[in-house]
Structure formats: C-alpha cells, structure tokens
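Here is a short briefing to read alongside the structure. Please keep the viewer open as you go through the points.

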Amino acid sequence: MSTTEPVMVDERIKQETFIAQLMKRPELGAIAGVVLVTIFFLLTADEAMFTLQGFMNFMTPAAQLGILAIGASLLMIGGEFDLSLGSMVAFAGLFFAACVVNFGTSLFVAIPATLLFAALVGAVNGQIVLRTGLPSFIVTLAFLFILRGLSLVGLKLATGGSTQLRGVRQAVENDPLTGFFSGDAFAGFFVRLAEMGWIDTFKNGTPKVKGVPVEILWFVVLALLATYILLRTPAGNWIFASGGDANAASNSGVPVRKVKIALFMVTACCAALLAIIQVIDAGSTDARRGFQKEFEAIIAAVIGGCLLTGGYGSAIGAFFGATIFGMVVIGLTYTNFDQDWFQVFLGGMLLLAVLFNNMIRKRVTGER
Amino acid sequence: MTKPIIHMDKIEKHFGNVIALAGVSFDVTAGECHCLLGDNGAGKSTFIKTMSGVHKPTAGDILFEDKHMDFDSPRDAMEAGIATVYQDLAMIPLMSVTRNFFMGREPTKGRGLLKRFDAETASDICMEEMRKMGINLRGPDQAVGTLSGGERQTVAIARAVYFGAKVLILDEPTSALGVRQTSNVLATIDRVRDQGIGVVFITHNVRHALAVGDRFTVLNRGKTLGTAKKGDITPDELQDLMAGGQELAELESSLGGTI
C-alpha cells in the first residue's frame, strides 16, 4: 500500500456558508427575479394584483408558458434546442381540433392521438438532428416554418378555406375528460371557502375565484415531475450527462441518442398538451396559435438557469422563469405603465439572467 | 510467471493501405504494471483502441482469461473487465463528482415507477472510494470542474476500479500534468496494481514509466521492439529504443545532450 494514510480532513478547504451553497443552485437567479418583480409590483401596481383573483390572473398565462418552458428546459439541459415549439402548438392544435370536430372522436381517443402524433413529430426532429449531426438550432428552425405552414394548409383543408377551425367547444362539452383540460379545479372547495368567509365573494355569495385553473395544476405537476426525474432518477443523470458532454457520456455507457430523442418527444408533447388546453378553452384553433412561444419558452428556461450550452439548469428554475413572465405581462395592466414595455422588460431580463447564470456557473465549476 | 489476464497475439490492424499495427504481441498479468512506450505515430493509440474494443483487429488473436474474445464495442470490453481511461477522461465538469462517478451505472432503489436514483448510497460510496485514493472531496456534490487534472484522473481510475476492472488501460495519464500531480497519479497506479489489477500504462515519458512499471514494451512503426523487465534496462536504453536509437543519438549531440 501507499506510504501515507489518507487524512480525513483537508486543511485547505474552508467550510462553506449556507449562503455560498445556495448561490450555486441554478434556480437562484429565477427566484431572485421573482422577488424583485414582486417588490416592483408591490410598489407600483394596484393592490388588486396580489389578491387571490389577481394571483390566478397572472398565474394562468405563466402556467401556459410554463408547460412549454419545462419541456424546453429539459431539452436544453440535454443539450438541444427546439425552436419549432410554437409551431408545434398550432400543428397539434389543428390535429386535435380536426379529431374532435371533423372526425367526431371522443377526447379519450383525441387526446392520446394528439400526444402520440406530437411525439412522432418530436422524434422526427430528434432523428434528423442526431443522424445528420446538424445543430438542433437549424433543424428545428426549419420545422418552425414547416409546421407553421402545414398548420395553415391543414386548416384550410379541414375547414374548406378558412384559417380558423371552430366548433370544438360544442364537440367536447359533455365529454368526461373535458374537466381535466379546461375550466377550474376544486370548485366545490372554493365554494366552501366562500361560505366560511375565507375568500372574497360577489354579492350573491358565489366566490370571486371559482377554482384553480387546470393549466396551473398541470404546470405545477409537470414542474415537480420534471424536477423529480432530473434529480432523483438515473434518467435525470443521463440528461445532464448528455447535455454536458455527449461523447464522454456515451463513453461511460449513457444511451445518449435515446435520451435526446426522448427529450425531443417530451418537449413536443408539452406543446401538444398546451395546444389541447388552449383549443378546448378557446373552442377553436387557428394558424397563429403558439406564435413566437418558442422564444418565450427558451427565455423562461434561461432565466430559470439553463445554460445555452446544455448540461446545467433546473425545471424549478423554468417554473419561476415562467412565473416572472406571467407577473410582468399581467402586472403591467395593474400599473400606469404602457403595456408595451413588456417586451423591453423581457429582453432586459434575458440579458441579466444570462450574465447572472454565467457568474453562477463559474462559482460551481471553480473556473478561475 | 503467472498467467496473463489478457494476451494480445500478433495483432495486425490495417486502415485501407496503411498498416498501423504489423503483428504486435502484448500481455498483462494481474498485479503488474506493463508500460507501453513509443513515440507519436508508433501505433500506441491504435493498439489500445483494439484492446478496448473500439477497433477490430485485421488479424491476430485476443485471449482474455484464456478465452478467445471478439469485442464488438467498447461496451463489450468494459463488461469483460477492460476499462480504459482516455485522455479526455469521459468526465463532465459541470456535474458533481458523484454523478460523474456513477454516470451510466446509477445505483437505484425502489421498484417499478418508484425506482429512483439512490443519491445517499451513491454519495457514500463515492466519498469512500475517493478517500481510498487519497482525495478528500468537499462534498459529494462538488463539481468535477473544481478538481485539478490529477484529481480528475484519480476519479476516473477510482471509477474504473470500483466497477470491477481487471485490466485498466491508462492512455497517457501524466502527459498534461505538473510534477506534483504526476506523482499523485503514479501513486494511484501503484495502489491499483496492489489490488491485483493489471495496469497498461501508455506514456512517452521514460521516467514516468520507470517509476511504476514492472515491464516495458516499446512500439515503433507498428511493431514491438521487444519487452524488457524492470532492472534489465537502463533509462538511456529505453529512451533510445523509443526514438529509434540512431537518429536520437545524433539529435542529442546537436542539442548538447539535454533531452
């Protein structure tokens, strides 16, 4: 054996403070962002924003974006992009609406079929990226246009010339699955709360907030599920490894190709889920659905701590990134500011987040 | 002499019309460090890639524990017990040491849908294995990026040993390291050898080879120039063999004997 026995404590290592450890979490930037934005609106916005109703108001768009952002963040951690997300929402929306309106299928058939269809398109994206070795940025940029165009063409075919397909609401009204994808959950509970006087009611006694919009529940469940997978399953380790260094990962026995293709499929399914929720909610679908959502989803993921180069990030971060988005887009309506400041804010936030994340990464890896 | 774990017999490898290996024989026994030396282009890399299943030999036999082996992929060789630590290390700087250690072979607990990554067990094993190698981590979640080059080598070696390597191939593990880190890695090689693992140590630094090697094989232009035991060869002879003797002697005199 070697001559020296290994020492148990290295005198060169300082004890880390709790704050220093916290500083290394990828989602820290997004949480700090939520705090800042909350303070900003507490100072400037009407107090109605921070009532229960206001909360549901800003969480609804946050949740809709968040469903996409969580998929996008998983894919980014896995080292790839999907710019076709927004177009995928339109395309899956068309497929779903055509199922229920043109073919008259029940949701029991239409929803699995739509998810399966989206997964297939995601798999095609992934296969092309992996087989050609082209950057996913280029391949999915192509699909951004291809899917958007197909949605337009398909809509005209399905409707006989219009770019809007109506009649979804009537088709799904009495379907037992509708409640899982639209409207408010826990309505009975909220009525009870109103009766006990714990939440605000209208004059006739019905609660002002009827329940939790289902998309918020989907958003929370997906964020928790994605976080569990990332941090507590072998698959999560494979996602980080594939994004960190695909070559090193496959040398160590990680099935990198399978991981990446699965991630493309999951991301496309997130887009399809959002499409289903939005189409049932609106009762129709059109070709502009999901327009530019891919950028917003990627921005939310980046604010949430995902590195553009992959291998680092968190789903909880994307959750808060999307929350910031919702707070700003709705919060501005509670203030005296012009709402169009929103885009300025979004761009600024992105820039700050990337700078902040680079700093964090340097702390984690100890780059000097 | 004990029986070799792996015996490579008259291995030939041709790439198109290039003969990279022209009949190289090589073996490793348990608990020895067999150094493979050679200058750039001698065929060292091709040879270890053949041994670790990346390339298939054009001709020749690979006998692993007396059985004829035909590796189709690095995965096959890994499963048989041949672990290779490449220069690029197969490590991901942004991930923690534990996650790197178990990358692709994560321990799990629970069943079915509840089957999950057993983070506690993984951390404990990783801390323990690293301590055995003389590295005290700040914590199991310390990122690999914060480790020095020598420490990274040690993580990669510890990982291979933990996962049951019988033959450990090290591809120039000391080439990019400083003096102190080099001695750490050489000490690690010594520890691994004492555990009864056959080590194949590829290097072009004669001094590093002589520090830990039991036997030395020199490759030149796809052929072996012979194998020598420790004590049967002087550093100068080894150096000359590696560089093809004659030319280096001339070069050396023109440089004043400093190489």
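This is a predicted model: local features need pLDDT of at least 70, side-chain atom pairs count only at pLDDT 80 or more; totals for chains, interfaces and linings use all residues.

**Chain B overall**
- Chain B contains nine helices and twelve strands.
- A compact globule of 259 residues would have a radius of gyration near 18 Å, and the 19 Å of chain B agrees with that.
- Along the principal axes, the C-alpha atoms of chain B fill a box of roughly 65 × 40 × 35 Å.
- Of the 259 residues in this chain, 45% count as buried.
- Among contacts in chain B with a separation of 6 or more, 68% come from residues 24 or more positions apart.

**The six-stranded sheet of chain B**
- An open sheet with mixed pairing is built from six strands of chain B, in the order S6-S9-S10-S3-S11-S12.
- Strand S6 (82-85) and S12 of chain B each have a single partner strand, so they stand at the edges and one side of each lacks a neighbour in the sheet.
- On average, neighbouring strands of this sheet are turned by 20° against each other, direction ignored.
- S11(B) and S12(B) run antiparallel and are joined by five bridges; Arg215(B) stands opposite Lys229(B) in S12(B).
- Helix H5 (residues 149-162) of chain B lies across S6 and strand S9 (167-171) of that chain, running at about 170° to S6(B).

**A helix pair in chain A**
- Helix H4 (residues 85-102) and helix H5 (residues 107-132) of chain A pack at an angle of about 145°, and their axes are 9 Å apart.
- The crossing of H4(A) past H5(A) is right-handed.
- H4(A) contributes Met88(A), Ala92(A), Phe95(A), Phe96(A), Cys99(A) and Val100(A) to the contact, while H5(A) brings Ala110(A), Ala113(A), Thr114(A), Phe117(A), Ala118(A) and Val121(A).
- Sorted by class, this contact of H4(A) with H5(A) has eleven nonpolar residues, one polar residue and no charged residues.

**Two positive phi values**
- Most residues other than glycine have a negative phi.
- Gln292(A) is not a glycine, yet has a positive phi of about 65°. Gln292(A) sits in the loop between strand S4 (284-286) and helix H14 (293-303) of chain A.
- With 12 other C-beta atoms within 10 Å, Gln292(A) is exposed, because a count of 12 or fewer sets that class.
- Arg221(B), also not a glycine, has a positive phi of about 50°. Its place is the loop between strand S11 (215-220) and strand S12 (223-229) of chain B.
- Arg221(B) is partly exposed, with 15 other C-beta atoms within 10 Å.

Terms used
Residues are numbered from 1 along each chain as its sequence is written. Chains are lettered from A and ligands numbered from 1 in the order in which they are written. Axes are lines fitted to C-alpha atoms, for helices over the stretch in contact, and angles run from 0 to 180 degrees between N-to-C directions. Helices (H or I, at least four residues) and strands (E, at least two) are DSSP runs, numbered from the N terminus. A crossing is left-handed if the near helix is turned anticlockwise from the far one by less than a right angle, and right-handed if clockwise. Two residues are in contact if their C-beta atoms, placed from the backbone, lie within 7 Å. Ala, Val, Leu, Ile, Met, Phe, Trp, Tyr, Cys and Pro count as nonpolar, Asp, Glu, Lys and Arg as charged, and the others, Gly among them, as polar. A residue is buried if 20 or more other C-beta atoms lie within 10 Å of its own, exposed if 12 or fewer, and partly exposed in between; C-beta atoms are placed from the backbone. The radius of gyration is taken over C-alpha atoms; the globule rule is 2.2 Å times the number of residues to the power 0.38. Two strands pair if DSSP finds at least two bridges between them.
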